[in-house]
Amino acid sequence: MLADYLLTELARPDGPAGPDAGLPLNRRLYEALRRAIWDGRLGPGDRLPSSRELAQDLRLSRNTVVAALQQLGAEGYVVSRVGSGTYVHEQLPLHRGASQQRPRDDGHRLPGLSARGQRLTAEPGAAELEIQPFTPGTADFGAFPVALWQRLQNRHWRAARPEMLDYTTLGGYGPLRRAVADYLRVSRSVRLQPEQVLITTGTQQSLELCARLLADPGDTVWIEDPAYWGAVKAFAACDLRLHPTAVDGEGWVPPAADAPAPRLIYVTPSHQYPSGAVMTLARRHALLQAARATGAWVLEDDYDSEFRFDGAPLASLAGLDEDGRVCYMGTFSKVLYPGIKLGYLVVPLGLVEAFRRAHYDLHRPGQLPLQAALAEFMELGHFAAALRRARQTYAARRAALLQALQPLLACTGVRLSGAAQGLHLCLHLPATVDDRALAATLAREGLSVRPLSAYCLQRRDWRGLLIGYGYAQPKLIEPSARRIAEAVQQALRATPAPGGQR
Ligand SMILES: Cc1ncc(COP(=O)(O)O)c(C=O)c1O
């Protein structure tokens, strides 16, 4: 019976829901329920007991139970239906028993949405639309040279031939594909021909194209844990099964020999998102070897490699690829601005035709005058200049943030990762800290840091904060970092001493 299982989990001292976890009761109940879902004890579509019943059976307050259920709901594990109860989501991408799912009971579904639609819209990740100074991953697009850009755009619009107003069948505007190829060859050591480059509307579209064209529903994708939510969503939208693979200080960790064979392997080798680990050369070779052995495609998301502060950017995984298994993707969201909606996907030569055709059939790509302006922006050296300026700006902001956080690093169990590159860093905290509550407290004060555990798929031991600095104005950094440090210290004092540094 569920209540017995939950009581056992809540009493198990060393378990993630046990008393030694040092978490508030609602978080412990949430952990126990999540475990029950994960273990398959609660199956897709199962109805949970009501909060009143659970409170009674577990001898907890109703508020505690409601808070746990709300958290599960916010993360997409369960859905509540007014007047009907709370149900386990019918299609959880992580659900172990997904292949044995029972037929859907349409009576339990929100009207109009498919099970996939429900799952995609119930999971976290999409709702945080407001950009604030410390939001991880956000660039300072206030620095974008708008006047220059406008001049270039105007010129291309004035000279636009009718064919520039059409869709494009070739994977993008030729000179832009060439400019991107030149850039990647020199800066990222990717070996490629311009025809391998597809101009997309960004990484999200690149991921979705790869997922649709290279995998079938139900296929397994190895994904780093913790993971980028954009990738989780793209794969879930294609009904792929996620197999979380661990991450440590050397990046991607090869999974156990009995892991399900992957069709796709998604990685962020230059700067693991969100931990910031840089994948070592040995791991890169191990990954390519695993791809070769299993016949999988590797999806390399190189989202912020432009911003490496200690030394030159590291060569890409695609640059090491000897047998055409890596699809490499990058974005202009960071160096230019996210709303430009332009990125690139480099596919192995043998896939070029299929990708161009599918890109056209599924997305009808266009925006050639915009692509022409960007090609010229790159050809005339403005892109390189913008990059240099951005690197200087972010290096100074990163240094100020690191300095302000320094005293905090003396605390037991606190450490930083990922500061060598990118636009955010990751502050690791002891596993006893409720990082979601901590982030919520800071968010109420306008400090939009994110909890590390929100990115974790399966692992339970990582807690911390992701702190962006790309968008943080210099005068805000020191006082904000001081406030973050205070809140962290408060959280550390409120939780039991950790068993030691991780
Ligand atoms: C890991 C990762 N990949 C890609 C992106 C950007 O993708 P897009 O080109 O869709 O804006 C982000 C944005 O924050 C990211 O964190």
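**Close-up views of a predicted model**

**View 1. Domain 1 and domain 2 have centres that lie 39 Å apart, taken over C-alpha atoms.** The protein is divided into domain 1 (2-88), domain 2 (147-381) and domain 3 (385-500), with bounds that come from an automatic or database domain assignment. This is a predicted model, in which local features need pLDDT of at least 70 and side-chain atom pairs count only at pLDDT 80 or more, while totals for chains, interfaces and linings use all residues. Residues are numbered from 1 along each chain as its sequence is written, and side-chain values use heavy atoms, with hydrogens and water left out.

**View 2. The largest nonpolar core has 86 residues.** A nonpolar core is a set of buried Ala, Val, Leu, Ile, Met, Phe, Trp, Tyr and Cys residues joined through side-chain atoms within 4.5 Å; buried means under 20% relative accessible area (1.4 Å probe, protein chains only). Phe332, Phe377, Leu465 and Ile467 have the most contacts inside this core. Helix α13 (residues 382-405) gives the largest share, nine residues; helices are DSSP runs (H or I, at least four residues), numbered from the N terminus. Domain 2 and domain 3 each supply at least three residues to this core.

**View 3. Helix α2 (residues 25-38) is largely enclosed by the rest of the structure, because 11 of its 14 residues are buried.** Among these buried residues are Arg27, Tyr30, Glu31 and Trp38. Just after α2, Gly40 takes a positive phi of about 85°.

Notes:
Buried < 20%, exposed > 50% of the residue type's maximum accessible area, 1.4 Å probe, protein only. Helix = DSSP H or I, 4+ residues; strand = E, 2+ residues; numbered from the N terminus.
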